[in-house]
Amino acid sequence: MDLATAVQITDVSTGWFDSGIVDGQNKLVPSVTFRLKNASGERLRSVQLNTVFMLLPENEEWDATLTQGISAAGLEAGASTNPITVRGKVGFTGAQPRAEMMQHRLFKDVDARIFAKHGSAQWVRLGEYRVARQLLTR
């Protein structure tokens with residue numbers, strides 16, 4: 001089965017999550033929320049996701065998070081998962097108010113690249129999304 005066509009990403013939203021105060025400074029981490037839709041004609045089971053946060057303009061891997069996309073119980077043909085939220089562990093810190101951090105000259109944009117795999121198959125890219133410069137509190 002070709003996951004690149006069997007699984008679709010829908011209902012995507014992105015932003016910078018307020019991760020609290022670390023070492024006396026505000027911390028923001030990239031966040032992406034989405035659903036997976038089973039676009040195949042059969043039940044899909046056990047799909048893993050790897051969300052890679054890419055720092056721009058360098059286009060280098062900044063952080064990556066492995067998550068379960070579709071459980072072993074499976075997802076029926078045509079059905080969608082509940083929302084899946086993936087947040088990076090690496091982020092930006094600053095003394096200024098959180099909303100101002102994204103306007104700082106050293107703040108950089110980040111893309112979230114979402115890959116999927118089933119069993120021992122190779123990772124396939126499902127999508128790439130720019131993390132919006134908006135503050136998320138939940």
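1. Let's start with serine 46, which sits in the loop between β2 and β3. In this predicted model, its phi is near 50°, a positive value in a residue other than glycine. Is serine 46 buried, partly exposed or exposed? Its relative accessibility is 31%, so it counts as partly exposed.

2. As background, most residues other than glycine have a negative phi.

3. Now have a look at β3, where eight of the nine residues are buried, so the strand is largely enclosed by the rest of the structure. Which strands pair with β3? One is β4, which pairs with β3 in the antiparallel sense over nine bridges; here glutamine 48 stands opposite glutamine 68 in β4. Another is β7 (residues 110-118), which runs antiparallel to β3 and is joined to it by nine bridges. Across that pairing, threonine 51 has isoleucine 114 of β7 as its bridge partner.

4. Finally, please follow the chain from β3 into β4. The two strands form a hairpin with four residues between them. The loop between β3 (47-55) and β4 (60-70) holds proline 57, and the peptide bond from leucine 56 to proline 57 is cis, with omega near 5°. Most peptide bonds are trans. Asparagine 59, in the turn of the hairpin, has a positive phi of about 60°.

Methods. Residues numbered from 1 in each chain as written. Predicted model: local features only at pLDDT ≥ 70, side-chain atom pairs only at ≥ 80, totals over all residues. Heavy atoms only, no water. Buried < 20%, exposed > 50% of the residue type's maximum accessible area, 1.4 Å probe, protein only. Pairing = 2+ DSSP bridges.
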